[in-house]
Every structure is written in structure tokens, then in C-alpha cells.
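Colleague: Can you take me through this one? I'd like to start with how the chain is divided up.

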Amino acid sequence: MKDLIPLSVPVIKGNEWKYVKDCLDTGWVSSVGAYVDRFEEQMAKLAGRKYAIACVNGTSALHMAFLVAGIKADEEIVMPTLTFAAPAFAARYIGAWPVFIDVEPDHWQMDINKLSEFLEKECRYTGGRLVNRHTKRTVRAILAVHVLGHPVDMDELLGLSRKYGLLVIEDVAESIGAKYHQQSTGSFGDLACFSFNGNKVITCGGGGMIVTDDKKMAQRIKHLTTQAKSDPIEYLHDEIGFNYRMTNVQAAIGLAQLENLDEYIVLKKKIAGIYDRHLKKIKGLSLPQQAPGAESIWWLYTVLVDKAVFGKDSRALMKSLAVAGIQSRPLWCPLYKLAPFKDCYAFKIAVVDRLYEQALSLPSSVNLSAEDLQRVIKAIK
Ligand SMILES: *Cc1c(COP(=O)(O)O)cnc(C)c1O
């Protein structure tokens, strides 16, 4: 068998070795250090924010964002039903509940029309609170997940958040550097969360970041992620804290990766362009589309496979590609179907099930060679 072409792997080619060596040489390997500070500064800049707080992964970033936003147990956070499960888990960590909204068929993001309909028809104001009439829980926030590197329609979403007085938190785990009307994802919400897991566009090995313009929230996040220690020397803690700190070694890798982000995004776009050109003529494949005003970073290039026309379904294609040494993956099981979320309200689910059945993500690493790309394209053909 030829060499395996993986779905999405980190590419280490910049200052990673130099910065990590610096950590090792100086002994600054643990939970504080200059690289953490520099990485935070650079991420605040990238997102156009006043504050950035590094943490241990994207899931903990979401946990902290929900917590400092003041969302309480038994309140609800509206989110798309098509996403990696981390934001729904994070909601449950604080005792809050996800509400799942269907996705639209064109760009596979949360359907803003359905979101609007949910807020308008299924919620009502009771004592100044917006209450979901099915669950009797208060709706507090909208989580905008920019899925697969493509931005959500933020104008519409922010309009709804203002109309209903809801907080907006962005999940930018898959879309670092993506733009919506020339504005960076991560710059829109009250808070925004990034992930630097190994399969993301840039990585720290593992890591996360929360950005915001709110000084109080930023200070509280730093406090909570560092065990809520309230005295520099004495072991005094003024609330329940978390050990969610990013280490200096992780930040050293992340900073070096961030230096290459622009180049990586150019490469991601190039890969998407090549897939577009070669796959568009294949009957039974639908290719990912970019919405007007959106600038996707094409984190993963995902196609839809129509079995009736293509001749096999997405899972059969995945198996055939595996035989040819090519890794591909389905999208996430719609969250409303999963056991841990069976008690959550889901609104007008219709589109997502077909997407789940038909979607297949193709190799999208930034170091994918022209030769490997052709191997994937030929195998699909
Ligand atoms: C990867 C991912 C996360 C979680 O990030 P981790 O760093 O793996 O904890 C959260 N949300 C989305 C949409 C993701 O893709």
C-alpha cells in the first residue's frame, strides 16, 4: 500500500523547534511564561480584541466562556445541531442546556431563519425572561459555530441577539482567520473561543483561547483558569477554580504556528480550489459553496455524495478511499440524536440528517502535495 494520506495533520516547519528549545533551555516549561503572554497578545490582535486568555483546550475555553457570561444552570444556549460535540458538553458542564437548531442546506451553518422562527414562535417573555415554552427554561445565549471554516451569517445572527437580548458566543475552533464581510471570525460575539487541537488549522498540540473586549470577564477567566487563587503566596481561593492553564511549551508551539497562519490559509484555499476544479464534473458529488460576504478558510474540504447518482454512498466511498490509502471522514452525528443530549430541545430538524448521511471530508492538510491531491481526485473518480 502507498503511504497513507491523512485527513488533517499538523505541519511543523517554522519556529516551533526554536521556541520549544528556548522553553527547555530556560526551564520555563509550565503554566506561566513569556510564550503564553506573547501568544495571548497575538491572538487578541488577530481577533481584533482587547483581551485573550490562553487555556488548555477549546472545550475548556467554551466552558469558561459560558461560565463568565453568567449563564446559569437550567438556562439554555441555542446552537447548531451540526457541530463537534464540545460546545454542547460545555453547556452541560455548567448545568445549562443546548437547544439544537437545524442547519441550512447551502453552507451547512446554523439556519438563521429557523433560529428566528424558534425565538419568535416557540419562546415567550415571562417576567422579563425569554422562556422556551416547550422546556420552560430561560434562553440566554446563541452559540455561533463557524462550521468547517466557513463563517455564520453574523449580521442576521447579531440582529436577533439584539432583538431578544441574548448573549453571543462564537466557537471559532474550525475557522481561525475566516472573514465575514472582511471582519475576522472571533471578533463578533461577547466572547469567542478558539481551539489549537492537532487537527485544527494551527495547533499547540492541544490548547484553547478565549477572547473578549470585556475587562471584567477577561480577568475572571484568568482567575478561574488558574485555580481561583486569590493571594500570590498563601493558598487562598475565593471560588471554585479550574486548572485550565496553557503551558509555556504549548504556547511556544502555538506562537510559532500562528506566525504561519496566513500562509496556511492560502494553502487551504488553494487545496479547495484544486478539489473544486477536478471534482465539479463528477455526477453525484456536491461541492462546498461559499456564501456571499463569507471568506472561508476551508478547514476541511467536505463533499456531499448522492448515492443514487454517484453509485455508492459516502461511507462506501470512505471505505474505497481507505483501501487506496486515503483517509476521509464523515461529519459529526447530529447532536440531537446523541444519548447525552436526549433531553435537549431540537427545533425543526430536517436538513441535517441528509447532510450527515451524505457528507465526507477529504484530506485537507496544508502540506498535501500536488501529487497526493491528484491521488485523492483520481481515487474518487
Ligand atoms: C475541535 C472543536 C472544539 C474543541 O476543541 P478542543 O481543543 O479539541 O477541546 C470545539 N468546537 C468545535 C466546533 C471544534 O471543532
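This is a predicted model: local features need pLDDT of at least 70, side-chain atom pairs count only at pLDDT 80 or more; totals for chains, interfaces and linings use all residues.

Colleague: Which domains does the assignment give for the chain?

Modeller: Domain 1 covers 16–258 and domain 2 covers 261–380. Taken over C-alpha atoms, their centres are 25 Å apart.

Colleague: How many residues are in contact between the two?

Modeller: On the domain 1 side 49 residues, and on the domain 2 side 37.

Colleague: And what area do they bury between them?

Modeller: About 3800 Å², with 70% of it on carbon and sulfur atoms. In domain 1, the residues that lose the most area to domain 2 are Phe100, Trp108 and Leu148. Together those three make up 19% of what that side buries.

Colleague: What about charges? How many salt bridges are there between domain 1 and domain 2?

Modeller: The count is 1 salt bridge. As for salt bridges in the model, Glu117 forms one with Lys348, and the closest N and O atoms are 2.5 Å apart.

Colleague: How many residue pairs are in polar contact between the domains?

Modeller: 20 residue pairs, counting those where both residues are at pLDDT 80 or more.

Colleague: Which elements give two or more residues to the domain 1 side?

Modeller: The helices are α4 (86–93), α5 (112–122) and α8 (248–259), and the strands are β3 (97–101) and β8 (179–180). β3 gives the most, with 5 residues.

Colleague: What is the make-up of that side by class?

Modeller: The side of domain 1 that touches domain 2 has 25 nonpolar, 13 polar and 11 charged residues.

Colleague: Changing topic to sheets. You mentioned β8; what is the strand order in its sheet?

Modeller: The order is β9-β8-β13, an open sheet of 3 strands with antiparallel pairing. β9 (183–184) and β13 (294–295) are the edge strands, each with a single partner, so one side of each has no neighbour in the sheet.

Colleague: How many bridges pair β8 and β9?

Modeller: 2 bridges, in the antiparallel sense. Tyr180 has Gln183 in β9 as its bridge partner.

Colleague: Last one, β4 and β5. What do they form?

Modeller: A hairpin, with 2 residues between the strands. β4 (residues 123–126) and β5 (residues 129–132) run antiparallel and are joined by 4 bridges. Thr126 has Arg129 in β5 as its bridge partner.

Colleague: And what is the phi of Gly127 in the turn?

Modeller: The phi of Gly127 is positive, about 55 degrees.

Terms used. Residues are numbered from 1 along each chain as its sequence is written. Side-chain values use heavy atoms; hydrogens and water are left out. Domain bounds come from an automatic or database domain assignment. Contact means heavy atoms within 4.5 Å. Buried area is the accessible area (1.4 Å probe) that two parts lose on being put together, summed over both. A salt bridge is a side-chain nitrogen of Lys or Arg within 4 Å of a carboxyl oxygen of Asp or Glu. A polar contact is a pair of N or O atoms within 3.5 Å; within protein, one must be able to donate a hydrogen and the other to accept it, and residues adjacent in sequence count only if both atoms are side-chain atoms. Ala, Val, Leu, Ile, Met, Phe, Trp, Tyr, Cys and Pro count as nonpolar, Asp, Glu, Lys and Arg as charged, and the others, Gly among them, as polar. Two strands pair if DSSP finds at least two bridges between them.
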